[in-house]
Every structure is written in C-alpha cells, then in structure tokens.
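Here is a colleague's note to read beside the structure. Please go through the points in order.

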Amino acid sequence: MNPITNIKNQNRMNERELNLGYAGDLKKSWHQTYKDSAWIYIGGLSYALTEGDVIAVFSQYGEVMNINLIRDKETGKSKGFAFLCYKDQRSTVLAVDNFNGISLHKRMIRVDHVEEYKVPKYKEDADDETKRLWEEGCAPKPIMRTADPMEVQEKRIEKAKEVLLDVGDIDEELIKKIKKDKKKAKKEKKQEKKREKKLRKLEKKAARDPEGDWKNKAKLIDKVVAEDDLYGENKHFDFGKKKEVEEVKHNPRPDFEKADWRDIEIWKVIREREKAEKAARGETSEAWGPEDHYVSKRYQGR
C-alpha cells in the first residue's frame, strides 16, 4: 500500500476514536494491539538526517533507548527509514499520534507501531560504534559516584581543620561572635514565625466572628499595630528600653539650674576660648542674638 495512504488511514482511525470518545482509553484504542512493544517504525526520512537528528526530534515524547537507522552496506548512506525504541511503551502512542504525517526536513514521514521487532544480525564487518549501539543502545548511562570510606573522609576533615588553624589570622573571639550572631538570628527567626502563626490564628477568629471577644480584638491590634504608631517617638513610653545615645560633637550650653558647677565652669572656659579664636579671625563673638519673647497680637499694637 502507498505510504501516504497508510498515513491517511491511520489519521482517519484517530479521528474516529476522537468522535467515539475512545481517545485516552488504551483498552478501547487501536494502540492496545501494540501494548507489549516499545519500538516504532519511522519511514520517509530525509537522507541527510543522522541518528542524532532523529533522536533529537523523537525524544520530545520520551527517553529514547535505542535506534537503528538502516544504512547501505557499501556506501553507509541512509536508506530513509529507521526503528526507534522508547524506555516507556506509552511514549510510542504519543509519537505515533503526533508525528505521523508531519513534514520533517521537507519530507512527509510515516510513524507506526512495530509489533515484533527483529534485532539485526551481528556482523563482523560492522564498525565499533555500530556494534556498541547494537549491544548497549543509545540511552544515557547513569552516573555512578563512588564515595570514599568514612575513615578517609574524617582524616580529610581533620587535615582541613589543621590548615585553617595554622593560618594565624583566625580570631577565636571572632568565631565565637559569628556563632553567637547566627544563634541570635535563628532565635529571632523562630520568634517571628511564632508571631506570624499567632497572628494568622487571630485573623481567622476575627473573620469567623467579627463581633467576637474584645480580648481577641485587643490582641490582634497589639500584633498588627506597632508601638511607634500608637505612642510615637516619646521617651516616656520606652518602658526601660535601651537606646543608643549619640555623642554630641559640639559644645552644648548646659542648663545652669540643673547642671553641675563643674560642667558650667568647663563650658565657660571653652566659650572664652571660642570667643578668642573668633576675635583673632575677625569674626563676631556673639553666638546668640537678643531674646525674642512671645507677645500676643492684641498687645503688639500698644
């Protein structure tokens, strides 16, 4: 039968299955006949295509285990058809349904199941690569990693530790600080997760019962609203929190009613020195202007 007629008949069977609703049901589909074979036939291939090209195209629907591209014995040129084996038999169904009748390298190809694939006879005159393909297939081999014995690994770790200790620039206090910081960060992360979990629980309760217990609402507000949003930056609401105080770089004027007499004397000495330096540069020594007292508007006109 003409290959194109075979392609059309196969596509017609697929359309009929779609209309009957058998698509996807392998028990009722015509693919069930070939359930024991993972080989497919590919015909109508371009003579320029190699085994690698065919694998690159057909590996879209499964892992390719083996391929046999039929070539001429004398010239070694491709004859235009091949047999391909998948790792999973279900990949053959996908390949036959999707690749049958497509145009590949400007040629229409035919893809069909192979019920019983006959392995080619072993020939002595075949090259080494072909023999290897016949024996092993073309599937990728699993990467086997051999681990060293535990004793060897322990020795390697001890040697690495000795090398690090011999460097000399490793500070033990620094290592302790790094460990402490890591432990602190881990603890803070754990507390944050705990807080988020409680918050989600309170939000669920509030969503279920909007007019619920006022205690739960208060807890939810305490969790959502930050203290700064409620109280602002007020030192009276710090409740004994430690804050870093920045050192004042200039010479502040002390409160003469509350300051210690020593601070006042030190300030006077520094002030006189600053005045002398400004006078030497020809600048005015008056740091402050006349005091501007507040006067109410109704008394300003008098």
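**Notes on the fold**

1. Among contacts in the chain between residues at least 6 apart in sequence, 55% join residues at least 24 apart. Contact here means heavy atoms within 4.5 Å.

2. This is a predicted model: local features need pLDDT of at least 70, side-chain atom pairs count only at pLDDT 80 or more, and totals for chains, interfaces and linings use all residues. Residues are numbered from 1 along each chain as its sequence is written, and side-chain values use heavy atoms, with hydrogens and water left out.

3. The chain holds 10 helices and 6 strands. Helices (H or I, at least four residues) and strands (E, at least two) are DSSP runs, numbered from the N terminus. Of the 302 residues, 20% are buried. Buried means under 20% relative accessible area, exposed over 50%, and partly exposed in between (1.4 Å probe, protein chains only). The accessible surface of the chain is about 25900 Å². Carbon and sulfur atoms account for 52% of that surface. Accessible areas come from the Shrake-Rupley method with a 1.4 Å probe; for residues, only the protein chains shown count as cover.

4. Look next at the sheet. It is open, with 4 strands in the order β2-β3-β1-β6 and antiparallel pairing. Its edge strands are β2 (64-71) and β6 (110-113), each pairing on one side only. Neighbouring strands of this sheet are turned by 20° against each other on average, direction ignored. Two strands count as paired if DSSP finds at least two bridges between them. Strands of a sheet pair through backbone hydrogen bonds, either parallel or antiparallel.

5. Which strands does β3 pair with, and over how many bridges? β2 and β3 (residues 78-86) run antiparallel and are joined by 6 bridges. β1 and β3 pair in the antiparallel sense over 5 bridges. W39 is bridged to C85 of β3. β3 is mostly covered, with 7 of its 9 residues buried.

6. Axes are lines fitted to C-alpha atoms, for helices over the stretch in contact, and angles run from 0 to 180 degrees between N-to-C directions.

7. Which residues of α3 are buried? They are S91, T92, V93, A95, V96 and F99. Their cover includes α1 (3-20), β1, α2 (51-58), β3 and β6. Just after α3, G101 takes a positive phi of about 90°.

8. Q10 lies in helix α1. Is Q10 buried or exposed? At 4% relative accessibility, Q10 counts as buried. Leaving aside residues up to four places away in sequence, Q10 touches W30, V96, N100, V111 and D112.

9. Check the loop between β4 (103-104) and β5 (107-108), where H105 is found. Phi of H105 is near 55°, a positive value in a residue other than glycine. K106 is in the loop between β4 and β5 as well. Phi of K106 is near 65°, again positive in a residue other than glycine. Most residues other than glycine have a negative phi, and most peptide bonds are trans. K106 is exposed, because its relative accessible area is 82%.

10. Helix α9 (residues 261-281) has 21 residues, which at 1.5 Å a residue should span 30 Å. The end C-alpha atoms of α9 are 31 Å apart, which agrees. The expected span of a helix is 1.5 Å times one less than its number of residues.

11. In α9, I264, W267 and R271 are buried. They cover an arc of only 60° around the axis, so they sit on the same side of α9. The arc is that of the directions from the helix axis to the C-beta atoms. An α-helix has 3.6 residues a turn, so residues three or four places apart point the same way. The face of α9 turned away from its buried side carries the exposed residues E272, R273 and A280. Just after α9, G282 takes a positive phi of about 85°.
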